[in-house]
Amino acid sequence: MSSTGDITTPRPRKQIDGWRWTGRIFLVIMLLYTALPMAWMILTSIKSGFAAMQFPPQWWPTEPTMASYQKLLDPQNSVGQDFLRFFWNSLFVSFVTTILAVVVAVPAAYAFSRFNFPGRKFLFFSVLLRNMFPAVIFLVPLFILMRWLGLVNTHGSLILTYLTFGLPLAIWLLKGFYDNIPIQLEQAARIDGATRFQAFLLIVTPLSVPGIIATAIYSFIGAWNEYIYAATFLTKNEQLTLPVGIQRFFSENTTDFPGLMAASFIMSVPVVVLFLLLQKYFVRALTEGAVKH
Amino acid sequence: MTIATGHAAALQRADIKRPNVFQQMWASRADYLYVLPAIVVMLVVIAYPIYYTVELSFFKTPPGLQLRDKVFVGTENYSTILSSDVFWKVTVNTFIWTIASTLIAFVLGFGAALALHRDFVGRAILRAILIIPWVISAVAASYIWKWIYHSDFGVLGAVMVQLGLADRQPNFIDNVHTVLPSLIVVNIWREFPFAMIMLMAGLQTVPDQLLRAAKVDGASAWQRFWHVTFPHLRGVSTVTILLLAVANFNSFIIPWITTGGGPSNASHIWITHIYELAFGRQRWGVAAAYSVLLFAILMVLGYFYVKALSGNDKQEHGA
């Protein structure tokens, strides 16, 4: 596909080059659209508050400073204490959510892919339908439910809720993956004396690791970035997760844009690193599962 | 394998008299154990809220949400909504927001996926950079763009002034005419990478032999795209567009954090408006009725969504 030289076509080269150049120019535009806002976030975060508030702006910081980062990450002062606590809370909630999501989604996706029990289609559709509904609709009833369960102002309320909004796509993704694992593998294992559950756990699960990793990334990112439920269920300062914590903090300090940009940057780093490290699994899971016909 | 087992199963089903549904359920009782955890979580967090929202939409509650004191008002909440001007304005906004965001994000993502399909130096890095906006939190994205759009120190306005496109710092998000398009730009920034990933995955399933054969037969690049590549991407395109449409219809964070729906409701969409009615003005019953209307629309969308998502769901018989 990449070599155009081996097959000589009657088409003039000029036209092929035209498409290629269109693609290149398009990619450059998209790169600018994507990267410039992020670059501006980083450039602003290393300015002083005074340097950020100039017109015309300093395109390149004349006196770069890490002061905003030091302030946010220093456990000695109160800002740093709060920020690090938010960070830790986010990490904890996202981590637990991810593990539970995998534990719940894997068997469910497997069952939807392999078994044929009454109500299977209905249940699968209901799971998918969950994704249709916006968080806001569930806020009031869930708040009352959490109050009833005694989970308000605990991270448990967030974990339980995040689990459900990550599950539908996770199950759908994994089911596509299982659909493409040949059933003969399990049949062979069954003939050799494995129980159905052993075949699932020892034969199929290892093969679906890319799908499981993709599911895990998806759940983690979703939980890390969630805002609405966290803003509603948590009121105590020491419980807040990063998105809410940052919002509460900077709505009181509306002019500290370098600090806000530094906080946004730090908040983005874990998920971006995680995704970039594991993105091949994500794309592979999509290719081999969901998208394949 | 799918076709073979499916066929055999169909034959079997035709030959043997089907046991009744309870016998089937009993026979496959072990199967339910696998889906049970997922179903329990779903029931608690979904079925109950839906029931509750429908009930609440017929009541008037005091601001503190003391449920004991709610008063049955029939369909009054619904008529309040449908007769208010704000509702229609917000509805128009919602449709502009959803349709524009979805289509533009899809087209940009499709273009990027096609342009990235061919191997070249730096492709992996470029792809990684393009994906980042989708990964970072919408709260961070909202703050980044709020700062870029800032009415005094925003870099976008400054660039426009420097280039002579504006004679003074334009006001992007405090202006009723520009606020919605400005927010759509933010939303697309965050969402086109999703379309890109989906379509990149889809492109890998297009058989190379077909493209090469078309090339040997003298098909132009456009013809190869239109007659070979595109038909293969129809399924994934439908799914992507629906997922984007649902996500956009339900989006909240970007308008809420950036503008809070203002100025004068110009950037309110349904979800932010419901949130404001409930948590801002404590009109729980009206917000619930609003949510029920939203359900109705989503169910229509949901029909297509489920159909597209379960497209590759073939009835198979397992072990």
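Leaving aside neighbours within four places in sequence, with which residues is B:Ala112 in contact? In the predicted model, the residues that meet this condition come from both chains: A:Leu27 and A:Met30 on one side, and B:Leu130, B:Phe192 and B:Met196 on the other. B:Ala112 also belongs to the largest nonpolar core, a set of 163 residues. Together with A:Ala105, A:Ala108 and A:Ile171, B:Ala112 touches the most other members of that core.

The contact between the two chains involves 100 residues of chain A and 92 residues of chain B. On the chain A side, the greatest contribution comes from helix 1 (residues 13-45), which supplies 16 residues. By residue class, the side of chain A that touches chain B comprises 72 nonpolar, 20 polar and eight charged residues.

Of its 293 residues, 46% are classed as buried.

In chain B, helix 12 (residues 234-249) consists of 16 residues. The distance from the first C-alpha of this helix to the last is 22 Å, close to the 22 Å expected at 1.5 Å a residue. Buried positions in helix 12 of chain B include the valines B:Val236, B:Val239 and B:Val246, the leucines B:Leu242, B:Leu243 and B:Leu244, and B:Phe249. B:Thr240 and B:Asn248 of this helix are buried as well.

How values were computed:
Residues numbered from 1 in each chain as written. Chains lettered and ligands numbered in written order. Predicted model: local features only at pLDDT ≥ 70, side-chain atom pairs only at ≥ 80, totals over all residues. Contact = placed C-beta atoms within 7 Å. Helix = DSSP H or I, 4+ residues; strand = E, 2+ residues; numbered from the N terminus. Nonpolar A, V, L, I, M, F, W, Y, C, P; charged D, E, K, R; others polar. Expected span 1.5 Å × (residues − 1). Buried ≥ 20, exposed ≤ 12 C-beta atoms within 10 Å, placed from the backbone. Core = buried A, V, L, I, M, F, W, Y, C linked by C-beta atoms within 7 Å.
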